[in-house]
Amino acid sequence: MKRRNFLVGIGAAFLAGCKEIGDSKWFEALVDTAEGWHRGIHRSLGVGRIPMAPEYERADISPFFRGNGSLTVDTDEYRAALAAGFPDWRLEVTGMVDTPLSLSLEDIRDLPQRTQITRHDCVEGWSAIGEWTGPQLSDILAMAGVQEGAQFAVFTCADNLNGQDYYESCDMDDAMHPQTIVAHMLNGEVLPEINGAPLRLRLERQLGYKHPKYLTGVRLVASLDDIAGGKGGYWEDRGGYQWYAGI
Ligand SMILES: Nc1nc2c(c(=O)[nH]1)N[C@H]1C(S)=C(S)[C@@H](COP(=O)(O)O)O[C@H]1N2
Ligand SMILES: [Mo]
C-alpha cells in the first residue's frame, strides 16, 4: 500500500472514533470570568452549526504577508535545516494520545490537504489576508487517537523569544475545527522563513498570537497548569493577552 493511502486509511479509521471530541465538557469547565464568558458566548453563537471563520477570494490576498514576533529561529541548526529544505524536521504528536506520532514534512504533505484564504488579525493592529495549505489538525489527532480526558492541545515551537520558548494552546473544539490546519504553504509557495517555516498552525477563529510558527510539537493534556507559566501561551504567561482570543 502506498504511504499516502496508508496514512489516509488510518486517518479515516480513527476519525470515525473521534466524533465525541466535540462534546467534551468545555462548558462545565467555564469559569466565571470575562474570558470564560467570551468563550461561552463565542461557542454558543455556533449552536447547530460549525462556526467558520470567513474565507476570502484569491483577489483579496495581501501582496505581502508581513512577519511578526520571531522572524526566524536564531540557531545554526535552523539555518542549516532551512537551506537543506528541512529534511529532518519533525512534528511530534504526544501526550494523551494512543499512538504518539513523529511526522516528517513528507508525511504532512501526504495527508489530505485543506487550502483556505483567511484574514490574520494581530492584536498590535494590523491584518493580512493569505492562502494557507496543510492537513487538518483533526486528521493528525485522529491518526494518533485522542484519549478520553484530553482537554487542550499545546503547541511547541523552535524559536525562543526574549529568553522564553514560544508556545500556545487551544481547547479541543478549536483543535478539531475544520479550519485548524498545520500549514506548510502560504499563497501557493513553500512557507517563508518569516512566517514560520517549515510549519505553522492556523487557528482561524482566534487572534494572530494563537497561530504558532516554527511548529515542532502538539501535546494533548488535561490541564495547562504545569506547562511553562501555566497560562497556556507565551503572551498569556507574560501577562499581556488573554488565552481565549476569539474573533
Ligand atoms: N513561534 C512563534 N509563533 C508566533 C509568534 C512568534 O513570535 N513565535 N508571533 C505570533 C504573533 S503575535 C503573530 S501576529 C503571528 C504573526 O505571523 P506572521 O509572522 O506569519 O505574520 O505569529 C504568531 N506566532
Ligand atoms: Mo500578533
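1. The model contains an open sheet of four strands, arranged in the order β3-β4-β8-β9 with antiparallel pairing. Its edges are formed by β3 (114-122) and β9 (189-190), each of which pairs on one side only. The model under review is a predicted one, and the points below should be read accordingly.

2. Within this sheet, the pairing of β3 with β4 can be described in detail. Strand β4 comprises residues 126-134 and runs antiparallel to β3, to which it is joined by nine bridges. In general, the strands of a sheet pair through backbone hydrogen bonds, in either a parallel or an antiparallel manner.

3. Helix α6, spanning residues 137-144, is mostly covered, with eight of its eight residues buried. The residues concerned are Leu137, Ser138, Asp139, Ile140, Leu141, Ala142, Met143 and Ala144. The helix is followed by Gly145, which has a positive phi, near 85°.

4. Thr180 lies in the loop between α7 (172-175) and β7 (181-183). Its relative accessible area is 1%, so Thr180 counts as buried, the cut-off being under 20%. Leaving aside residues up to four places away in sequence, Thr180 touches Pro135, Gln136 and Leu137, together with Asp174 and Ala175, and also Leu201, Arg202 and Leu203.

5. Helix α3 has both buried and exposed residues. The buried residues of α3 are Gly36, Arg39, Gly40, His42 and Arg43. Viewed down the axis of α3, these buried residues fall within an arc of 165°, and they therefore line one face of the helix. Ala34 and Trp37, on the other side of α3, are exposed.

6. The loop between α3 (34-44) and α4 (76-84) contains Ser62. With a relative accessible area of 17%, Ser62 is classed as buried because the value is under the 20% cut-off. When residues up to four places away in sequence are not counted, Ser62 touches Ala128, Ile129 and Asn187. Strand β4 covers residues 126-134, and Ala128 and Ile129 are numbered within that range.

7. Thr180 is buried at a relative accessible area of 1%, and Ser62 is buried at 17%.

Methods
Residues numbered from 1 in each chain as written. Chains lettered and ligands numbered in written order. Predicted model: local features only at pLDDT ≥ 70, side-chain atom pairs only at ≥ 80, totals over all residues. Heavy atoms only, no water. Helix = DSSP H or I, 4+ residues; strand = E, 2+ residues; numbered from the N terminus. Buried < 20%, exposed > 50% of the residue type's maximum accessible area, 1.4 Å probe, protein only. Contact = heavy atoms within 4.5 Å. Arc of directions from axis to C-beta. Pairing = 2+ DSSP bridges.
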